[in-house]
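Let's take a friendly walk through this structure, one part at a time. Have the sequence and the 3D view ready as you read.

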Amino acid sequence: LYMYLLLLLGLFSISTLTCGTMVDIADYNFDKWVNGDHLVVILFHQQSNCPTCTNALKHFKKVAALLKNTEDVIFSAVDASASSIILQKLNIDQFPTIRIFPFSVTQSEYYGDFE
């Protein structure tokens with residue numbers, strides 16, 4: 001997970017970056033962050049009874065700390081029990097889940113045939 005996150009973020013890094021952050025994203029401010037001028041990386045997790053989530057959150061925070069001087073990348077760890085609107089909007093029902101939202105690009109998924 002740790003190396004996967006670093007690789008993905010490396011693919012999206014375009015410019016020289018200088019000052020990053022980890023923010024609280026919730027139902028009320030989700031659209032503001034994902035439609036902004038940043039690459040947004042969100043880990044959706046459950047606080048209780050999910051050892052995999054606990055482990056993923058630990059590694060996610062390490063990656064965020066390594067990239068703390070990256071201005072155009074925003075990290076957020078969202079507790080699934082507190083963000084039901086986001087989960088419904090993104091059709092997230094398994095945890096942990098990581099979603100990446102590139103600079104001002106609305107996420108889309110393909111639901112059609114693969115023929």
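Predicted model: local features only at pLDDT ≥ 70, side-chain atom pairs only at ≥ 80, totals over all residues.

Strand β2, residues 39-45, runs parallel to β3, and 7 bridges join the two. To get from β2 to β3, the chain passes through helix α3, residues 51-66, and this β-α-β crossover is right-handed.

Leaving aside residues up to four places away in sequence, Phe44 touches Val78, Ile86, Leu87, Leu90, Ile92, Phe95, Pro96, Thr97 and Arg99. Phe44 also belongs to the largest nonpolar core, which has 16 residues. Within that core, the residues with the most contacts are Ile25, Phe30, Val40, Ile42, Phe44, Leu90 and Phe101. Which elements each supply at least two residues of this core? They are α2, β2, β3 and α4. There is also a second, separate core, made of 11 residues, and among them are Val41, Leu57, Phe60 and Phe75.

Now turn to the aromatic rings. How many aromatic pairs does a search of the whole structure find? The search finds 2. In one of them, the ring centres of Phe30 and Phe101 lie 5.7 Å apart with their planes at 85 degrees; angles over 60 degrees count as edge-to-face, so this pair is edge-to-face. Phe30 sits in helix α2 and Phe101 in strand β4, residues 97-101, so the pair links parts of the chain 71 residues apart. Both of these residues are buried.

Phe60 and Phe75 form an aromatic pair too, again edge-to-face, at 5.6 Å centre to centre and with 75 degrees between the planes. Here Phe60 in helix α3 is linked with Phe75 in strand β3, 15 residues apart. Phe60 counts as buried because its relative accessibility is 0%, and Phe75 is buried as well, with a relative accessible area of 1%.

Our last stop is a charged pair. The structure has 1 salt bridge, in which the side chains of Lys89 and Asp31 meet at 2.6 Å, N to O. This pair links distant parts of the chain, with Lys89 in helix α4, residues 84-90, and Asp31 in helix α2, residues 30-34, 58 residues apart. Are these two side chains' residues buried, exposed or partly exposed? Lys89 counts as partly exposed because its relative accessibility is 47%, and Asp31, at 39%, counts as partly exposed too.

Technical notes:
Residues numbered from 1 in each chain as written. Heavy atoms only, no water. Salt bridge = Lys/Arg side-chain N within 4 Å of Asp/Glu carboxyl O. Helix = DSSP H or I, 4+ residues; strand = E, 2+ residues; numbered from the N terminus. Buried < 20%, exposed > 50% of the residue type's maximum accessible area, 1.4 Å probe, protein only. Pairing = 2+ DSSP bridges. Right-handed = clockwise from strand over helix to strand, strands pointing away. Core = buried A, V, L, I, M, F, W, Y, C linked by side-chain atoms within 4.5 Å. Contact = heavy atoms within 4.5 Å. Phe/Tyr/Trp six-rings, centres within 6.5 Å; stacked < 30°, edge-to-face > 60°.
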